[in-house]
Amino acid sequence: MDSAGARMGLYIVFLLLGVFYTCLGLRFNGYLNRFIVFWGAIGTILVVIIVPSMAQTHPSGKWVFTEFLNTTGYDNPGLTFMFALLQAGWSFVGYECGAQISEGTKNASSSGPRGIIIALSSAMVQALILCISTLFSIQDVEELQNSSSPVATLFLRATRNEKLSAFLLTILIVSQFGALCNVLLAGAQVMYAMARDYCLPNSKFWYKLNGKQQIPVRLLLLVAAICITVLLPSLASDVYYEAIISTSVICLNVSYGLPAFCRLIWKRNDMPKGPFDLGKYSIPINIIAVIWVIFFGVILCIPSAHPITPETMNWSCLMLGATIIFALTFWQVSGRKIYKGPLQTITGE
């Protein structure tokens with residue numbers, strides 16, 4: 001399906017289904033996460049076994065592990081390798097969701113960090129296995145590069161069975177739905193905390209929990225509305241869509257790096273310690289994290305194809321600049337007058 005309108009329609013339906021499920025509350029979110037753990041594990045095994053075993057031909061091990069294809073137009077292979085980090089960066093965004101969602105659970109100060117470590121470690125192992133399986137299943141690299149749905153094309157060419165390919169895609173879709181619900185819940189909780197601290201316009205309206213499950217429904221709908229509005233211009237331009245993806249990865253990584261940067265500058269030696277502590281490795285890890293965020297942000301602003309034209313230009317730097325200008329303007333006009341720091345609503349644990 002190559003229709004941009006059809007893809008946008010599916011995106012909106014998928015998003016609204018995620019909002020509806022998230023409104024059911026943390027208990028149902030927990031049910032979904034437990035299910036996704038088993039679903040993801042079983043689904044990975046099925047994909048890893050079925051796709052390469054049904055493929056008519058298989059690339060050699062030398063091609064899989066040593067071949068380097070550069071179709072960007074740049075002569076520098078190192079720079080080309082850096083561009084590929086966008087996919088890895090996009091895959092790993094959202095790992096803070098475990099900490100944000102854990103705020104409503106027991107022992108959140110220790111379960112949140114442990115959840116992040118477990119999620120990242122298992123994701124890296126899973127990704128490596130899937131990458132090797134995928135590379136050994138490729139039938140035509142050029143066809144995948146030119147396809148509007150490369151994953152579907154990979155499954156279809158390898159299995160030569162439309163129904164089986166649809167089943168494999170369903171495995172991915174259900175997994176993505178679990179991730180969507182977690183991201184929506186985490187985003188709504190962050191915005192709820194911002195509304196509590198008067199960081200949002202008309203904060204009193206947004207600072208409200210609904211129903212027996214005490215879910216910020218208004219903010220969930222706001223998050224969904226923002227997601228839809230931001231992506232609508234992609235109907236007219238694929239360049240815009242690529243810029244949005246790059247910008248979102250940059251902004252998310254910057255938001256991860258800012259606390260580490262502030263800790264290094266203002267709280268290097270007197271940071272309060274919680275139940276989960278990295279000890280003597282804390283400062284070195286913070287320094288590495290800040291350097292990585294700066295480096296990654298620069299790489300993601302470089303055009304990924306050469307020669308550079310309006311179609312191949314990386315416009316994420318423009319969008320990032322607009323975001324920064326908007327944030328600074330809002331702070332000067334309104335934010336600094338109403339924001340007095342995080343508000344404490346309870347005492348004790």
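The second largest cavity here has a volume of about 30 Å³. A word on terms. A cavity is a set of points, on a 1 Å grid over the protein atoms alone, where a 1.4 Å probe fits but cannot get out; lining residues have an atom within 4 Å of a point. Points are joined across faces, edges and corners, and volume is the space filled by probe spheres set on them.

This is a predicted model: local features need pLDDT of at least 70, side-chain atom pairs count only at pLDDT 80 or more, and totals for chains, interfaces and linings use all residues. Residues are numbered from 1 along each chain as its sequence is written, and side-chain values use heavy atoms, with hydrogens and water left out.

Tyr-21, Thr-22, Gly-25, Asn-29 and Leu-185 line that second cavity.

Now the largest cavity, at about 40 Å³. Its lining includes Ile-138, Asp-140, Leu-144, Leu-154 and Arg-157. Helix H9 (150-159) gives the largest share, four residues. Helices are DSSP runs (H or I, at least four residues), numbered from the N terminus.

On to packing. A nonpolar core is a set of buried Ala, Val, Leu, Ile, Met, Phe, Trp, Tyr and Cys residues joined through side-chain atoms within 4.5 Å; buried means under 20% relative accessible area (1.4 Å probe, protein chains only). The largest core has 21 residues, and Leu-15, Phe-177 and Leu-219 are among those touching the most other members. H10 supplies the largest share of this core, eight residues. A second, separate core of eleven residues includes Ile-50, Ile-138, Leu-144 and Leu-154.

Methods:
On a 1 Å grid over the protein atoms alone, a cavity is a set of points where a 1.4 Å probe fits but cannot get out, and a pocket is an open set with protein on both sides within 12 Å along at least five of seven lines; lining residues have an atom within 4 Å of a point. Helices (H or I, at least four residues) and strands (E, at least two) are DSSP runs, numbered from the N terminus. Buried means under 20% relative accessible area, exposed over 50%, partly exposed in between (1.4 Å probe, protein chains only).
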